[in-house]
Amino acid sequence: MWIRIASFILRNRLPILIVLGLLTAFMGFQSRKIEMSYQYAPLLPEDDPVYLEYEEFAERFGNEGNLMVVGVQDSSFFDVEHFKVWQELSRDLEAIDGVTSVLSASDSYNLYRDKEKKKFKVLPVFEEVKNQGTLDSLKKAFDALPFYEGLLYNKETNTYLLGITLDKEVLESSDRVRLMDEIKVRGNTYENRSGNQLHYSGLPFIRVSTAEMIKKELNMFIWLALGITAIIIFLFFRSFKVVLFSMLVVGMAVIWALGLQGIMGFKVTILTGMIPPLIIVIGIPNSVFLLNKFHYEFRNHGNKIKSLQRVIRKIGNATFLTNLTTASGFATFIFTSSQLLVEFGIMASINIMVVFFLSLLLIPIIFSFLPDPKERHVQHLERPFFEKIINKLVHISLNHKKVVFAGTFVLLVLGGLGISRMQTTGYMLDDIPHEHQLYKDLKFFEKHFSGLMPLEIMIDTKKPKGVMQQRNLQKMERLEDKLKSFPELSQGLSMLQVVKFARQAFYNGSPAYYSLPGSMERNFILSYLPNGEGKGPGVVKSFVDSTQQRARISFRMQDVGTTRMDSLDKEIRAVVDSVFPADKYETSVTGSSVVFFKGTDYLIRNLFISLGLAVLLIASFMAWMFRSKRMVLVSLFPNLVPLITTAALMGFLDIPIKPSTILVFSIAFGISVDDTIHFLAKYRQELSETNWSIRAATVLALKETGRSMIYTSIILFFGFGIFTVSSFGGTVALGALVAITLLVALFSNLILLPSLLLGLERLITNESFKEPMLTIYNEDEDIDHDELKIYQSSDNSDQVDQSSQSLKKEETHVEN
């Protein structure tokens with residue numbers, strides 16, 4: 001088959017180039033459709049009970065993810081000049097297109113009893129503030145409203161909060177960036193006039209900010225990947241042509257990746273944004289293996305077209321399988337049921353195969369048009385430095401196998417100790433550096449307002465108007481009192497506070513009456529409540545559904561991490577069940593914080609499954625390739641050792657298991673197996689040519705493939721190393737851990753694998769290994785070397801005519 005492929009490629013060079021050029025232009029056009037994602041992709045599958053609970057809550061009470069908050073710490077907040085500047089900020093923010101409402105201390109409302117109409121009037125606390133005396137008087141009225149304490153201000157720390165409700169349609173459009181920029185512009189004006197620093201947070205602000213950071217890093221990583229790999233390739237090959245055309249291949253692959261993403265409608269997330277630089281880093285080794293083989297063959301016999309067809313036949317076969325195993329490692333993410341990882345798995349696996357086909361087509365075609373390589377172009381095959389390294393590796397494998405096995409055993413023991421110390425955790429802002437302002441601002445709100453992450457408790461009384469019954473209001477009060485013992489939670493906000501506020505207003509605003517009304521006065525007081533029409537907050541419908549059968553209690557909590565959240569979730573549910581028994585009430589604990597925690601836990605479990613699936617899938621490929629169960633075990637073991645080493649490092653260095661770090665194992669395993677395939681493919685070939693001499697085959701395989709393995713591993717090490725300059729901690733961890741894993745895998749494949757082959761000898765290299773699925777070609781039989789050249793002709797089909805005849809002659813011989 002590969003002879004036919006080589007013949008087809010070399011006979012149809014210009015048509016293939018034209019087709020690839022047109023397709024690349026088409027993909028470039030499609031890439032214009034790509035959009036940034038400004039929302040957290042759901043980590044839970046849509047049929048998960050926790051996800052369904054959240055969807056039910058959002059359907060009844062609306063999504064709680066459209067609230068942005070601005071905070072300030074100002075001991076002079078109620079000085080008239082400071083207060084007026086704050087009022088202007090509030091008015092300016094409310095005037096922005098995309099802002100639906102603003103609530104802060106300066107926009108607070110009070111209830112006034114209208115005895116004639118038997119209704120509460122909703123009026124602003126702070127009307128026109130002319131002087132300090134007026135403001136001091138209004139401040140006393142505001143201080144007498146316990147409803148707002150802890151919600152809009154922290155009296156002890158002189159900290160004030162401004163809540164901005166944003167239009168959902170704007171948040172789901174590209175206009176959201178403009179909206180956030182305008183809010184920041186108004187905030188900058190306030191800071192300049194007041195001298196105070198503002199703090200910004202809330203889910204929509206965090207999402208848009210992180211998405212913009214991803215957007216900036218996308219371009220940075222692409223250029224870094226191109227620059228680093230170009231420098232390394234030049235240092236290896238000392239040829240600008242090699243660098244230029246290798247960059248051309250991966251450059252086209254990046255355009256295809258972006259174009260396919262545009263066609264599929266996948267938005268750019270923190271993971272899919274990594275695909276273009278990943279394609280560059282993973283795609284360059286294809287060119288390295290192809291060019292190394294091309295130079296190796298050309299140095300041996302000096303015939304360019306013969307060298308190119310052998311590159312396609314021999315390296316194309318093995319490289320196809322190495323790319324297939326790498327793509328399989330990424331494809332296992334498709335089975336996680338997480339939209340974020342499914343999209344990443346689909347795009348990464350498809351584009352890894354795309355870059356393989358582009359490499360296989362473009363490298364031989366381009367170099368068939370170029371002049372023959374000069375002596376300086378093939379000198380890298382005999383550089384003393386790499387020659388010494390490979391000879392040293394051969395010496396270790398031949399003479400120190402016991403030391404290698406003992407060292408591996410010690411490494412595995414230490415690995416077991418490190419793995420036992422591993423911990424699983426995750427934070428909503430886990431990937432943001434602690435020195436970043438976004439992280440500092442979140443901690444500001446956690447310190448002064450007990451956090452911002454939404455936690456919602458929904459209570460179904462199973463009876464219409466059941467929420468307003470006295471016993472149920474008393475149960476809600478008992479529940480909130482019990483939950484006050486959790487320092488991670490803010491005070492609750494529910495219909496209970498509205499009822500207390502109403503009782504205070506009924507008794508002329510005296511703070512002493514801010515409490516739950518008795519059964520005798522409850523109905524009369526509640527009849528005064530506004531229905532949410534007109535100006536002012538529609539507080540009743542915010543906390544009770546239209547039938548008054550279901551109520552919500554809203555909390556804000558700290559970003560405590562999944563480890564603490566696991567126990568906290570159980571404790572909160574136990575308290576809820578103790579107050580609202582399951583036989584009489586239906587309750588749920590939900591909100592973005594719960595969905596994130598459950599999603600992270602679900603994702604980590606599924607990623608372990610995907611890793612196991614990757615091992616099984618790649619083992620199946622190896623079995624198909626070599627038809628030897630023992631060889632499969634031997635080939636997998638050197639690639640499992642690096643994973644154990646990395647896991648141990650995570651345990652010793654206190655790097656927790658979380659979605660970003662668990663990705664390391666599937667990615668690194670899929671890539672590290674590539675070296676094993678190249679080595680064993682050459683080893684098996686040498687066995688047939690050395691009359692089944694295991695020692696000679698191992699040495700020859702190590703000498704030829706070792707250089708390419710070192711080249712590609714260095715490229716991959718520095719290629720993944722570029723991710724360590726990211727602003728996201730998860731991306732940094734992913735880059736560093738994959739780079740370390742691949743470096744360990746290099747030595748494992750260059751030392752441990754040959755040692756296993758030599759140490760176990762006939763036990764693993766059995767007769768079934770002689771006739772594998774990968775065809776072994778006799779390279780020199782029935783080939784007229786003098787006819788293997790491309791003739792220049794006006795007719796492209798004649799340029800490779802005689803070469804094709806030689807290929808056909810060889811093909812006939814092999815098939816017979």
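Start at Ile457, which sits opposite Val589 in strand E11. Strands here are DSSP E runs of at least two residues, and helices are H or I runs of at least four, both numbered from the N terminus. Strand E8 (residues 453-460) and E11 run antiparallel, joined by five bridges; DSSP has to find at least two bridges before two strands pair. Step back and you see an open sheet of four strands, ordered E9-E10-E8-E11, with antiparallel pairing. E9 (493-494) and E11 (586-590) are at the edges with a single partner strand each, so one side of each has no neighbour in the sheet.

A word on the model: it is predicted, so local features need pLDDT of at least 70 and side-chain atom pairs pLDDT 80 or more, while totals for chains, interfaces and linings use all residues. Residues are numbered from 1 along each chain as its sequence is written, and side-chain values use heavy atoms, leaving out hydrogens and water.

Now for the inside. The largest nonpolar core has 136 residues, and Phe330, Leu358 and Phe679 are among those with the most contacts inside it. Such a core is a set of buried Ala, Val, Leu, Ile, Met, Phe, Trp, Tyr and Cys residues joined through side-chain atoms within 4.5 Å, where buried means under 20% relative accessible area, exposed over 50%, and partly exposed in between (1.4 Å probe, protein chains only). Helix H12 (residues 339-369) supplies the largest share of this core, 17 residues. Apart from it lies another core, of 115 residues, including Val99 and Phe506.

Finally, find Val410 in helix H15. Val410 counts as partly exposed because its relative accessibility is 46%.
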